Amino acid sequence: MKYYLLLIFIFLFISCDGGLEPPPQSFLKGKVTFVGGVDSWPSQDSVNTMRIVAFLKAEPTNIVEEVLNNRVYFLEIPSFVDEYYFELLIPNPPQDLNYIAVAWQFSDSFFDQLAAGVYTESGDNTKPSSVQIEFGKDSEIEIFVDFNNLPPQPFE
């Protein structure tokens, strides 16, 4: 009888391979480079908040609708820096992020925002690129923000 209990215990122990560990997470990681560094930023009174925003929809036109329907992920980033490295948790992978940008909120109003830079593989800020986020894997990107050459605005 003791041997049967020992065998059952060993079987249960072996079958619990990582069962209590949290599931792997997926992140969008990257770097935001501000072209011209800190000196290129607009005046402090016109910078309320900067965010990384990643939309599921390729051509978002209504930011409120996207937020209310959980089709956007965002992360606040610091202002007045030369560059910033970020990690944005993406729940429920796999997912395609079809429009990734740095959003510049220039007043206290949530509706006063501009795309300051977009993720693009080609380097042409008029042609945003998408990123596929896979389960348990990270994707890395770089976004350039040039306050003198803003990308087309999706919410105008």
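At 8% relative accessibility, Thr49 counts as buried, where buried means under 20% relative accessible area, exposed over 50% and partly exposed in between (1.4 Å probe, protein chains only). Before going further, a note on what you're looking at: this is a predicted model, in which local features need pLDDT of at least 70 and side-chain atom pairs count only at pLDDT 80 or more, while totals for chains, interfaces and linings use all residues. Residues are numbered from 1 along each chain as its sequence is written, and side-chain values use heavy atoms, with hydrogens and water left out.

Back to Thr49, which sits in strand β2 (residues 49-55). Strands here are DSSP runs of E with at least two residues, helices are runs of H or I with at least four, and both are numbered from the N terminus. The side chain of Thr49 makes a polar contact with the side chain of Asn48, at 2.7 Å. A polar contact is a pair of N or O atoms within 3.5 Å; within protein, one must be able to donate a hydrogen and the other to accept it, and residues adjacent in sequence count only if both atoms are side-chain atoms. Setting aside neighbours within four places in sequence, Thr49 is in contact (heavy atoms within 4.5 Å) with Glu76, Ala103, Trp104 and Gln105.

Now zoom out. The chain holds 2 helices and 9 strands, running α-β-β-α-β-β-β-β-β-β-β from the N terminus on. Of its 156 residues, 37% count as buried. Among contacts with a separation of 6 or more, 74% come from residues 24 or more positions apart.

Strand β2 belongs to an open sheet of 4 strands, in the order β3-β2-β6-β7, with antiparallel pairing. Two strands pair if DSSP finds at least two bridges between them. The edges are β3 and β7 (113-118), each pairing on one side only. From one strand to the next, the twist averages 30 degrees; axes are lines fitted to C-alpha atoms, for helices over the stretch in contact, and angles run from 0 to 180 degrees between N-to-C directions.

Inside that sheet, β2 and β6 pair in the antiparallel sense over 7 bridges, with Val53 opposite Ala101 in β6. On to the next pair: β6 and β7 also run antiparallel, joined by 5 bridges. Here Ala103 stands opposite Ala115 in β7, and Gln105 faces Gln113 of β7.

Tyr99 is found in β6 (residues 99-105) and, at 5% relative accessibility, counts as buried. Tyr99 and Ala54 are 45 residues apart in sequence, yet 5.8 Å apart in space, C-alpha to C-alpha. Not counting residues up to four places away in sequence, Tyr99 touches Val53, Ala54, Phe55, Lys57, Ala58, Pro60, Ala115, Val118, Pro128, Pro152 and Pro154. With the same exclusion, Val102 touches Val32, Met50, Arg51, Ile52, Ile77, Leu114, Ala115, Ala116, Gly117, Ile143 and Val145.

Of its 26 residues, Leu28, Phe34, Met50, Ile100 and Val102 touch the most other members. The elements giving two or more residues to this core are β1 (27-34), β2, β3 (72-77), β4 (83-89), β6, β8 (131-133) and β9 (139-145). Apart from it lies another core, of 9 residues, among them Phe55, Ile63, Val72 and Tyr99.

Some of those contributors make up the other sheet to look at: an open one of 3 strands, in the order β4-β1-β9, with mixed pairing. β4 and β9 stand at its edges with a single partner strand each, so one side of each is left without a neighbour in the sheet. The twist averages 20 degrees from one strand to the next. β1 and β4 pair in the antiparallel sense over 7 bridges, and Lys29 stands opposite Glu87 in β4.

Terms used. A nonpolar core is a set of buried Ala, Val, Leu, Ile, Met, Phe, Trp, Tyr and Cys residues joined through side-chain atoms within 4.5 Å.
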